[in-house]
Amino acid sequence: MGIKPKPAMNSPAPAEEKSLAMVLRGARETLRAEQRPLPEPGAGEVRLRVRACAVCRTDLHLQDGDLPMARWPVVPGHEVVGTVDALGAGVTDWHVGQRVGVPWLGGSCGHCRYCLAGQENLCDAPEFTGCTRDGGFATHLVARADFCVPLDHLALDDASAAPLLCAGLIGWRSLRMAGADARVLGLYGFGAAAHLIAQVAVAQGRRVHAFTRAGDTATQQHARELGCAWVGDSVQAPPEPLDAAILFAPVGALVPLALKAVRKGGRVVCGGIHMSDIPAFPYALLWQERQLLSVANLTRADAREFFDALRTLPPLRVHTRRYPLQAAGQAMDDLRAGRFQGAAVLVPDAP
Ligand SMILES: [Zn+2]
Ligand SMILES: [Zn+2]
């Protein structure tokens, strides 16, 4: 009595599980690793164990202070593949262990005019993963259950699946905006989004022309390997007028070039969240019913449609450069400098 029994050697008390998060404390800061208590899912939320999270150009814009809606400090990352680890109150659609994706649109209000019109991507009070709520540059994250995307049927490993959650989806929405009748398509900027959607467009029977930075022969070779009919520098004219062009590079000077490359009635779709200023250009480039559009965010319907479509297409070749979670800063630097083809993906150490 009075003496507590020692814990048995073979059953140590479990260490309290922590999460590791790479955190930006403000604009123009560098990422810092933080140990945190495991985040608890609230009502209507799920906690995921992150299996992979891709790095997007938007994460660079966040770091640069280009996104005024950001809430600091924040864990970036909105191309998340994870397994459900814990369910908040009232969540019945998911089960523990299920593989899901978490995209950029992390929530919408459900009652503004846009939400009611099927345009939740334009919601007046949206939540953005890795921007207004913590994202996937971490071992764990909490997401709204109704904004997770089921990935049960996707025949890709976690790291290859991650870039589909933004690069793939934004590409998909941009391709749809380009129009079903856009048989001849130009892609300006051949990074994570373009290398995925080029494959989809080619599989749909479209002819794809890829425009890269002048002299970027490695990227041009990559585009050729993925089935593009023609590749060239963005200042070059394509070999035939384009029905539509999609701009993934955040370079406003490409807009007049793309308008010049599309036929009468053609469309130019800007797929990025941020772009440098568009220089003045003669009205003649827009005349003849050419259209200039932008794509913002994406809806849950886009995600369902995209992942359904992938089931009927040849398997995507997803080019990834994989980094440990703690090397997230290096991954962002490499993306900024254009040091790899395809997409950078953070893979937290397996538990
Ligand atoms: Zn993104
Ligand atoms: Zn809304």
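The chain contains 9 helices and 17 strands. Its 351 residues would give a radius of gyration near 20 Å in a compact globule, and the value of 22 Å for the chain agrees with this. Along the principal axes, the C-alpha atoms occupy a box of roughly 95 × 45 × 40 Å. Buried residues make up 48% of the chain. Contacts were also sorted by separation in sequence. Of those between residues at least 6 apart, 68% join residues at least 24 apart.

Confidence was examined next. The mean pLDDT of the chain is 93. A value of 70 or more is reached by 95% of the residues. Residues 1–11 have a pLDDT below 50. Beyond near neighbours in sequence, this stretch makes 2 contacts in the model. Where pLDDT is low, predicted coordinates should not be read in detail.

Helix 4 spans residues 167–178, and helix 8 spans residues 300–310. The axes of the two helices come within 10 Å and cross at roughly 95°. Helix 4 is therefore roughly perpendicular to helix 8. On the side of helix 4, the contact is made by Gly168, Leu169, Trp172 and Arg173. Helix 8 contributes Asp302, Ala303 and Phe306. By class, the residues of this contact are 4 nonpolar, 1 polar and 2 charged.

Helix 1 covers residues 57–64. Its buried residues are Arg57, Thr58, Asp59, Leu62 and Gln63. These buried residues pack against two elements: strand 3 (45–55) and helix 9 (328–337). Just after helix 1 comes glycine 65, with a positive phi of about 80°. The loop between helix 1 and strand 4 (80–87) holds proline 73. Tryptophan 72 and proline 73 are joined by a cis peptide bond, with omega at about -15°.

The loop between strand 14 (262–270) and strand 15 (291–294) was then considered. Aspartate 277 lies in this loop. It counts as exposed because it has 9 C-beta neighbours inside 10 Å, and a residue with 12 or fewer is classed as exposed. Glycine 252 is 25 residues away from aspartate 277 along the chain, yet their C-alpha atoms are separated by 5.1 Å. Glutamine 288 is also found in the loop between strand 14 and strand 15. Its phi is near 70°, a positive value in a residue other than glycine. Glutamine 288 has 11 other C-beta atoms within 10 Å, so it is exposed.

Asparagine 297 sits in the loop between strand 15 and helix 8. This residue has a positive phi of about 60°, although it is not a glycine. Asparagine 297 is buried, because 21 other C-beta atoms lie within 10 Å and the cut-off for burial is 20 or more. Thus glutamine 288 is exposed, whereas asparagine 297 is buried.

Definitions and conventions
Residues are numbered from 1 along each chain as its sequence is written. Chains are lettered from A and ligands numbered from 1 in the order in which they are written. This is a predicted model: local features need pLDDT of at least 70, side-chain atom pairs count only at pLDDT 80 or more; totals for chains, interfaces and linings use all residues. Helices (H or I, at least four residues) and strands (E, at least two) are DSSP runs, numbered from the N terminus. The radius of gyration is taken over C-alpha atoms; the globule rule is 2.2 Å times the number of residues to the power 0.38. Two residues are in contact if their C-beta atoms, placed from the backbone, lie within 7 Å. Axes are lines fitted to C-alpha atoms, for helices over the stretch in contact, and angles run from 0 to 180 degrees between N-to-C directions. Angles under 35 degrees count as roughly parallel, over 145 as roughly antiparallel, 65 to 115 as roughly perpendicular and the rest as oblique. Ala, Val, Leu, Ile, Met, Phe, Trp, Tyr, Cys and Pro count as nonpolar, Asp, Glu, Lys and Arg as charged, and the others, Gly among them, as polar. pLDDT is the predictor's confidence in each residue, from 0 to 100.
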